[in-house]
Amino acid sequence: MKTRFEVCPAADLGPGERTIADLDGLSVGVFNVDGDYHALKNDCPHQRAPLCEGSLTGLTTADSPGEFEYERDGEIVRCPWHGWEFEVTTGESVFNPHRVKAKTFETSVEDSDDPETVETSEPASAKAGRLDFSTGTTADDADTEEKATTEDDRYGVALAGEEPPVDTYDVDVEEGVVVVYL
Ligand code: FES
């Protein structure tokens, strides 16, 4: 049966980032590649270097002589000792994918067993500016809330027309923690 390890809040590991965790004595690198999480044993199959500490790069390919293309940026980890390269998503080596492979582990994003894990990881700055939808204010507004007596005072502008005077943005909030199963 596999053992479940909570590594870090998903929100703390953005695309292109990695973290290296000691999971019950086993060093494991966890990577966020374009929003998906992947775990590799931090142990190069060549001569056991800390593979996950290597630089992240991409592949240079060529369909014909003299025409190069750089692709899959951030999906390849290069071993810091002798430069062997491995796909972060599969562990397969670039030069010999059928015979040389770094060990990978299953990952997922799940609710934490410890609710404080996610809560305490949130940057103070994020909490300070969060909008409370029930009141239309943020934590920063708390001090000035009591002084607001009219709608103009509260929002600092006079509302006009049918459209609200705000820009809206798509927000992708990653909840839960990154979990690795060994
Ligand atoms: S130990 Fe990784 S390439 Fe040699």
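## Exercises on strand pairing and backbone angles

E106 stands opposite Y181 in strand 11. The structure is a predicted model, in which local features need pLDDT of at least 70, side-chain atom pairs count only at pLDDT 80 or more, and totals for chains, interfaces and linings use all residues. Residues are numbered from 1 along each chain as its sequence is written.

**Exercise 1.** Work out which strands pair with strand 8.

*Solution.* Begin with the terms: strands (E, at least two residues) are DSSP runs, numbered from the N terminus, and two strands pair if DSSP finds at least two bridges between them. Strand 8 (residues 104–110) pairs with strand 4 (residues 36–41) in the antiparallel sense over two bridges, and here A39 stands opposite F105. Next, strand 8 pairs with strand 11 (residues 177–181), also in the antiparallel sense, over five bridges.

**Exercise 2.** Describe the open sheet of three strands.

*Solution.* The order is 5-6-7, with antiparallel pairing. Strand 5 (55–64) and strand 7 (85–87) are the edge strands, each pairing on one side only. Strand 6 (residues 67–78) is joined to strand 7 over three bridges, and I76 stands opposite E87 in strand 7.

**Exercise 3.** Locate D34 and R72, and decide how exposed each residue is.

*Solution.* D34, whose phi is near 55 degrees, is found in the loop between strand 3 (26–33) and strand 4, while R72, with phi near 55 degrees, is found in strand 6. A residue is buried if 20 or more other C-beta atoms, placed from the backbone, lie within 10 Å of its own, exposed if 12 or fewer, and partly exposed in between. D34 therefore counts as exposed, with 11 C-beta neighbours inside 10 Å, and R72 as partly exposed, with 16.

How values were computed
Helix = DSSP H or I, 4+ residues; strand = E, 2+ residues; numbered from the N terminus.
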